[in-house]
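Keep the sequence and the 3D view open while you read.

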Amino acid sequence: MELHQLDPAIARQRLAAGLRLRSGPFVVALRSDIPALSQQVLQQYAHHTVVDDDGFCDFHVHVTPPANLRRWWRPQARFLLDGDEPFTPLPLHHAFPMLEWGLNWCISTQAHQYVILHAAVLERGGRTVVMPAPSGSGKSTLCAALAHRGWRLLSDELALLGLNDGLLWPLTRPISLKNRSIGLIRDFAPDALIGTPVPDTIKGAVAHCAPPAAAVRAAQTPARPGWVVLPRYTPDAPALLSPLPKAQAVMELIDACFNYSIHRHQGFAALGRLVDSSDCHRFEYSQLDEAMAIFDRLAGTDADADAGADAEVAVEAEAEANEKTRAPPARAAGNAAP
Amino acid sequence: MTRHRTAPLLAVLREPGLMARLSLTQWDLLVRQARTAGLLGRLHALALGAGVAAQLPAAPAAHLAAAHRMAAAQADEARREVALVWQALHGLAVPVVLLKGAAYLMTGLPPADGRSFTDIDILVPKTALVEAESALLFHGWLTTHHNAYDQRYYREWMHELPPMLHRQRGTVLDLHHGILPETSRLRPSAEKLIAAARPLGSEPLLQVLAPADMVLHSMVHLLHNEEMGRGLRDLSDLDLLLRHFAGTPGFWDQLVARAAELGLERVLYYGLNEGQALLHTPVPPGTLQAVALHAPPPPLRRLMHELWQHALGPQHASATDAFTPLALGAVVLRAHWLRMPAGLLFRHMLVKGWRRLTEKGQQSPEAAAPQV
């Protein structure tokens, strides 16, 4: 059963006691009695599968007001993993972003059965694009846009690379949008379900965009590598795809890896295989429409191209010839990111 | 009767083979209890040892293996760190004795497998302490705790210097000259410990404590600790050491004799009895009889037993009761009481209490979580 099929009153009750949801390879028990947080969970996790209360659960997390004065006076929220509190409390209205950050923390510090990268992952035609990028690079904006234009979302934040199978495993959770990209994605993808912005976090305003239902339903299906793309938002720049040497690509992935120091040579080998089986690019952009066109061509699904594989080869050949691939002119005005 | 007597974590530490027969609901609780106790990696090692690792359900087994993988990476770092410490200190031509985790690791003792490392502990003769500190400073370790009170606390009253932090690698080293504070009621002789220590390998002066001393130090660490959060992990270390050395001829007699020599008879009494009660550590009846002579009088004995059972058992909410926080507070207070004379303790508590009110620890979630 999916969360939205549960009566909201019952869902809230279960959330207060510990609601179990399947999220990619993990089962998470979410417990919270904060009404604003429940509402966000019901919206953002609507298509996640509700799991029975007996059986195994990977992480038991609890978001709750402190049991002291701060429950009422300048109220706060705490994040607890099984009674352990890894963070200082935040203002109560940050509860949902805190839950998301907390879940990222649980996974990136513990799920070492994967090589974990700070990267967005999407899939088209059975192949994934892995986009490692620092904050402010426009990664999440690009990710949200692609997720609403024919690419299957695997993850906005954490790429889970199987150590032995070399596959990318979905962790289809809400996409975190910041500041201007919130309005941008609202305009670009009117069908996107975007939560109430939280105005004053350390990252500025944050709003979450719910993962599309089809992507959540496919979250048990991993995909093989296809592309590594290093996105960078540059104001007013035309969309530009340029080749990224493989040695550099692997260094970028190591930089983005949370648990490289744990996996070491095995991690190096896994990231090397990922890069070996991917086409690697840098990507500079300012207009989402231009970006979509380039990604369509990457995936070989551009309407103008003859066949998928040919289009892909064409992009590669062009890239190698010019060192730079210019985007076709933007089809629609506006949509500057992020 | 405390709730934790039925905790799955205690059950599998006593009998690791049980892991092959747990339901998923039991696994749910076991992984939670083990995570809180810092024992996930050890469970993986125990499952391997019992030959049941391949029979575990995939989801919980992934947590055990992931923690074990992390511990293995830390162990490799610790091995490298030991080599670098030795590189810094070998020129002094004094014994350098590895303690606790580093000793288990370098001698391949069972508690090392799956155990997480936070720092390296070494013991040197007190007469060589100043030289050892200078050599370490010269090789890139920096002293921490710069305020005057902390410096005095460590240098005058404690048995170790303030933790030293390597300026490039960020690793932490605790340089000891004893195993209990200078101000402590009990003063086991560090000279005797060093005299009986054994070479680790081809370097005669890079050493580990003799088996009986290693066990006694593990007990001292367990029972006189000012921080009790990881009591069960330390008790499990002790349990594995005892199970390992139990087969060595004469070990138990040496243990009793050595405790008497070092003035640690009461420590040995508690260590063996509480280990036996919580983890079913096998102890020969003769040894138990011998240490029983050093038990406290019956009312105190019963009280202490209750306190230890609560303080050393699993600390996950599913295994504690209303008495647990009180027991933890009591054993920490006891540890402090035994570490310092009353006047000094009062003063130390005032300083620490004031700091707790005025300083902040922890990180904000934005800083700790992936960049979002």
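A quick word before we start: domain bounds here come from an automatic or database domain assignment. With that in hand, chain A is divided into domain 1 (3–110) and domain 2 (115–326).

Some housekeeping: this is a predicted model, in which local features need pLDDT of at least 70 and side-chain atom pairs count only at pLDDT 80 or more, while totals for chains, interfaces and linings use all residues. Residues are numbered from 1 along each chain as its sequence is written, and chains are lettered from A and ligands numbered from 1 in the order in which they are written.

**How the pieces of chain A meet**

The C-alpha centres of domain 1 of chain A and domain 2 of chain A are 27 Å apart. Between the two domains, 17 residues of domain 1 of chain A are in contact with 22 residues of domain 2 of chain A; "in contact" is said of two residues whose C-beta atoms, placed from the backbone, lie within 7 Å. On the domain 1 side of this meeting, α2 (35–44) and α3 of chain A each supply at least two residues. Helices (H or I, at least four residues) and strands (E, at least two) are DSSP runs, numbered from the N terminus. The largest share of that side, six residues, comes from α3(A).

**Where chain A meets chain B**

Now for the two chains: 36 residues of chain A are in contact with 28 residues of chain B. On the chain A side, the elements giving two or more residues are α3 (95–110) and α8 (260–276) of chain A. Here α3(A) provides the largest share, seven residues. By type, the chain A side divides into 14 nonpolar, 15 polar and seven charged residues. For this sorting, Ala, Val, Leu, Ile, Met, Phe, Trp, Tyr, Cys and Pro count as nonpolar, Asp, Glu, Lys and Arg as charged, and the others, Gly among them, as polar.

**The nonpolar core**

In soluble globular proteins, nonpolar side chains tend to be buried together. The largest nonpolar core in this model has 209 residues, and A:Ile116, A:Leu122 and B:Val97 are among those with the most contacts inside it. A nonpolar core is a set of buried Ala, Val, Leu, Ile, Met, Phe, Trp, Tyr and Cys residues joined through C-beta atoms within 7 Å. Buried, in turn, asks for 20 or more other C-beta atoms within 10 Å of a residue's own, exposed for 12 or fewer, and partly exposed is in between, with C-beta atoms placed from the backbone. Helix α4 (residues 58–89) of chain B gives the largest share of this core, 14 residues. Domain 1 (3–110) and domain 2 (115–326) of chain A both give residues to this core, so it lies between them.

**Strands side by side**

Zoom in on chain A. Strand β2 (residues 26–32) of chain A is mostly covered, with five of its seven residues buried.

| Strands | Sense | Bridges |
|---|---|---|
| β1 (19–23) and β2 of chain A | antiparallel | five bridges |
| β2 and β4 (59–64) of chain A | parallel | five bridges |
| β13 and β14 (204–209) of chain A | antiparallel | two bridges |

In the hairpin of β1(A) and β2(A), which has two residues between the strands, A:Gly24 takes a positive phi near 60 degrees.

**A few residues worth a look**

Most residues other than glycine have a negative phi, and most peptide bonds are trans. A:Asp82 has a positive phi of about 55 degrees although it is not a glycine. Its place is the loop between β5 (76–81) and β6 (90–91) of chain A, and A:Asp82 is partly exposed, with 18 other C-beta atoms within 10 Å. B:Lys100 also isn't a glycine, yet has a positive phi of about 45 degrees. B:Lys100 sits in helix α5 (residues 100–106) of chain B and counts as buried, with 23 C-beta neighbours inside 10 Å.

Last stop: B:Val256, in helix α11 (residues 251–262) of chain B. B:Val256 and B:Thr287 are 31 residues apart in sequence and 7.3 Å apart in space, C-alpha to C-alpha.

Note on methods
Pairing = 2+ DSSP bridges.
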